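Visitor: Hi, could you walk me through how some helices and strands pack here?
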Amino acid sequence: MAGQVAQPARRVAVIGGGPGGLYAAALLKSLDAARHITVYERNAPEDTFGFGVVLSDETLGGIEHADPVVYAALRERFVRWDAIDIVHRGRTLTSGGHGFAALSRRDLLAVLHERCRALGVELRFRTEAPPAARLADEHDLVVAADGVHSTTREAHRAAFGTDLTPHRCRYVWLAADFAFDAFRFEINETPYGVMQLHGYPYAEDASTVIVEMREEVWRAAGFDELDERNSAERCAKLFADALGGRPLRGNNSQWTVFRTVVNERWHHGNTVLLGDAAHTAHFSIGSGTKLAVEDALALAACLREQPGVPQALAAYEAERRPVVRSVQRAARASLEWFEDLSRYTGQPPRQFAFNLLTRSRRVTHDNLRLRDAEFTESVAREAGVPPDTPPMFTPFTLGGVRLRNRVVVSPMDMYSARDGVPGDFHLVHLGARALGGAALVMTEMVCVSPEARITPGCAGLWNAAQETGWRRVVEFVRAQSPTAAIGVQLGHAGRKGSTRVMWEGIDQPLPEGNWPLVAPSPLPYLDGVSQRPRELTRADLARIREAFAAAARRAARAGFDVLELHCAHGYLLSSFLSPLTNRRTDAYGGDLAGRLRFPLEVLDAVREAWPTERALTVRISATDWADGGTTSDDALGIAAAFAERGADAIDVSTGQVVSDERPDYGRSYQVPYADRIRNTLGVPVIAVGSISSWDDVNSLVLAGRADLCALARPHLYDPHWTLHAAAEQGYSGPGAPWPAPYRAGSRRPPTGRTDAPRPRLAL
């Protein structure tokens, strides 16, 4: 910030005297002493709620750079530790190398109070802030740092586009008058259900203790009838081992439900949201105060750098929103992991601990190996992973097919067939990926009849010429990559058919030569654009069922190892499963059992046609990402029904069922759906969806969230993705055999030196 010219925002009002508001006030005043800054705080200066505050090294670095005075004062008060203890079923497992710094929230506020007073910030305690609209008229800038229950945000809810999502657990903040040796996660499986303790030291003689459990567990245990003192006593008894028999104390500690706050806009006129008023992230990743302090740093910098308040607020939001969105995704993953904790308590001890540590997807296998190699190796040993073998290169048996590793080339429509016949393109495309090291290479969706195609370029298996074309591809894979498996995905486009190839206009009807569409109900995919499908009759269903069986027989003769039935992405079988696309009133509609009827009939016909020694999987959309669509419980029911009828694994995708879906995109964003099916039903799953790194695959497999990982775009970018993953990890075992002609390239090519001689003498 040094060297910049101070800009407007001379009169500033800050609503809320928490860490974020106070630090914003201090930074803005230190950057421009002429500013008049007033902080309104309804409570007394000595009042505070909660106990300890955790800050990351990254946040502390920002504070040190921006305000060395505050950093020096905080540094004197920090308690530091680097270990995490996970206590589960009487066993304590410790992982080191994590690096935490914490201090008392009261001390943090005292440091910021002192800094604000020294700079000349006006602090008004025990004072309700005037309405934000009035402050906005009287000031150049209003900073709303008034917390998760922000009155400023609620007064302008429509302008900010606020969305509050309550979650399924109750929790309470308490304290113990001793210091834990490490950050502690303790799991207690009680007669009422699973409870968990999150504890960490914040002083030499004090620790924060958070007790959390599902709402139904909280009620069953009677906490809904206890006051603060009795709740603290009950929690102390439940976690007596963790506390060494010591008591817990509260500080206006009330059981509450965590709410995720999201705002479409963070500023309205000259009023800007900061910290929990703008966004929240679950405490299990320790991010609330961290995000508020980082918001303050960014806001001050943007006001310094931009020519005026409107530009500064826009720049602040543009800078912080992607960071916060990423943190909120990680926090949501962590929150949901703890909500569903009972799903994992039966895992082996070390896998459970690894699963807990990697729950947010921010800590990964590789990251944890760097922090604590001994712990990570012990997890692998317990899981039976051979020495010096990344988890992704362990074998897996899918039905009767043994796969050499856990990587699948996901089905990807190529739209490059002629009259449904796979040609040279398919030979090269699939052959290259089989040579590239993946355990299982899947074809695109292969259509069971001409009218089942998505586009004129789709491949098929409805005649002998197509069967011959596929046999050519399979025989190449057999000859050149004999330990690779190859699978076929069979499907019917349903109402999403008769469209142009993707690069000419995805989901757009053909300009000419369209064929009639069919669906469970006469609902077009794109209103006013797509062709309206004809509702299928019972005779139609019988004909389509036989088309799937005939295609399965051709696939068997062609030599495929695996057959996948495509019941996802809004194609025909998927559209039977979703209540948004199946409005039938006969036996093939209505409740979930009715909507499952035809897909299960098709599965039965395919299972009968398909050799029993070969693997059969089903791909599903576990959510429609739309109100009124497939729910998580529906997905469990669908997966269970397919598994009971002979599916060897469920390939868990999501969405693409309706055009107005709103997916929650992000790293590995579909994996939680696969995780839930695997760890609730005990059914093998293939996880898919923005899994892009070998570190992701290692993490998911070792944590027990997936059995196989299907990757699509990474294999378009690099056909030899799996072999390169092996080389980058220094692995050369049976899970990633290099074809003989390629072995000379099995080591990473050398690069130019980037190091330089280190100075050894100082004069």
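Visitor: Which hand does the crossing of H1 and H11 have?
Guide: The crossing of H1 and H11 is right-handed, meaning that the near helix is turned clockwise from the far one by less than a right angle. This is a predicted model, where local features need pLDDT of at least 70, side-chain atom pairs count only at pLDDT 80 or more, and totals for chains, interfaces and linings use all residues. Residues are numbered from 1 along each chain as its sequence is written, and side-chain values use heavy atoms, leaving out hydrogens and water.

Visitor: At what angle do the axes of H1 and H11 cross?
Guide: Roughly 25°, with the axes of H1 (residues 19–31) and H11 (residues 288–305) coming within 8 Å. Axes are lines fitted to C-alpha atoms, for helices over the stretch in contact, and angles run from 0 to 180 degrees between N-to-C directions. H1 and H11 are therefore roughly parallel (angles under 35 degrees).

Visitor: Which residues of H1 meet H11?
Guide: Among them are Tyr23, Leu27 and Leu31 in H1, while H11 brings residues including Val293 and Leu297 (contact means heavy atoms within 4.5 Å).

Visitor: Switching to strands, how many close into a barrel?
Guide: There are 8, in the order S19-S20-S21-S24-S25-S26-S27-S28, with parallel pairing (DSSP finds at least two bridges between two paired strands). Strands are DSSP E runs of at least two residues, and helices are H or I runs of at least four, numbered from the N terminus.

Visitor: And what is the partner of Val409 in S28?
Guide: Leu711 is its bridge partner. S19 (residues 407–409) and S28 (residues 708–711) pair over 3 bridges.

Technical notes. Angles under 35 degrees count as roughly parallel, over 145 as roughly antiparallel, 65 to 115 as roughly perpendicular and the rest as oblique.
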